[in-house]
Amino acid sequence: TTTLNTRKFTKPEASVSAVSIKDQILGAKVVLPVTVVTTDKGDRLLVLINKKIRLPSSYAPTDLVDISGFAGSRLRSEAADNLLQMFIAAKNEGMNLTIVSAYRSYQEQVSVFNGWVASAGKSSAERFSARPGFSQHQLGTAVDIGAVGRTTFSDSFGKTPEGVWLAGNSYKYGFVLSYPAGKEATTGYSYEPWHFRYIGVINAQTMVNSGLILEEYLQKFGTW
């Protein structure tokens, strides 16, 4: 577990779900970890997970729910509710969105990552697939979104009507793009126009207004 400095976090009311925590903090992160560290803050909406900060293999959200209409897909309850609202809004504008992948456990990520290593080689796989424990999907707030009848895992998805709509509207529902184009040096991952993470509506709006990408925003205002 990482050691935080003296910055204090606002504790939620007892009746507030952990996923509702906005995690707004005072000040900014000064020092990022140099070696890999394990965080115990997985329940926080603004927890930073990247190639240096990982979740324990035992971590699993306690408020996962099945997403209505998408058998086998789960997210934390608040994220799931907002995702469905976003899908309805997209549908009203002629976009037929679907879930490609939502919550993945540590063991599921073992299989996913090993599969990519076997087919693409380790160095290539690490550009687009997270090692077990380092995946945002384990948080239960990350989702790969596709469009019915379209190929999802391609840069071209970002240029489709659905990809363009998501890029311009997802923040209204608390979702932000995790790995933007041209930011591989910052995020450690190649462009993924389908991969979105829920950080809460207020946080998402604040992030968009700041001009920061998710990695930068969480480095400055997040926790680990």
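This tour of a predicted model goes through its pockets, then its cavities.

**Largest pocket.** Select R104, F128, S129, D144 and E192. These lie nearest the centre of the largest pocket, which is lined by 19 residues. Its volume is about 310 Å³. Now select helix α2, residues 106-120. This helix supplies the largest share of the lining, three residues. Colour the lining by class: nine residues are nonpolar, seven polar and three charged.

**Second largest pocket.** The volume here is about 160 Å³. Select A167, V176, L177, M207 and V208, the closest to the centre among 13 lining residues. Next, show β7 (175-177) and α6 (201-210), the elements that each give two or more residues to this lining. Which element gives the most? β7 does, with three residues. By class, the lining of the second largest pocket has twelve nonpolar residues, one polar and no charged.

For the largest cavity, select L48, I49, Q136, S178, Y179, R197, L214, E215 and L218. They line about 40 Å³ of space. Helix α7 (residues 214-221) provides the largest share of this lining, three residues. Five lining residues are nonpolar, two polar and two charged.

For the second largest cavity, select G42, R44, L45, R76, L139, T141 and R197. The space inside is about 30 Å³. Its lining has two nonpolar, two polar and three charged residues.

Finish on R197. This residue lines the largest cavity and also the second largest cavity.

Notes. Residues numbered from 1 in each chain as written. Predicted model: local features only at pLDDT ≥ 70, side-chain atom pairs only at ≥ 80, totals over all residues. Heavy atoms only, no water. 1 Å grid on protein atoms, 1.4 Å probe; cavity = no way out; pocket = protein on both sides within 12 Å on 5 of 7 lines; lining within 4 Å. Points joined across faces, edges and corners; volume = space filled by probe spheres on them. Helix = DSSP H or I, 4+ residues; strand = E, 2+ residues; numbered from the N terminus. Nonpolar A, V, L, I, M, F, W, Y, C, P; charged D, E, K, R; others polar.
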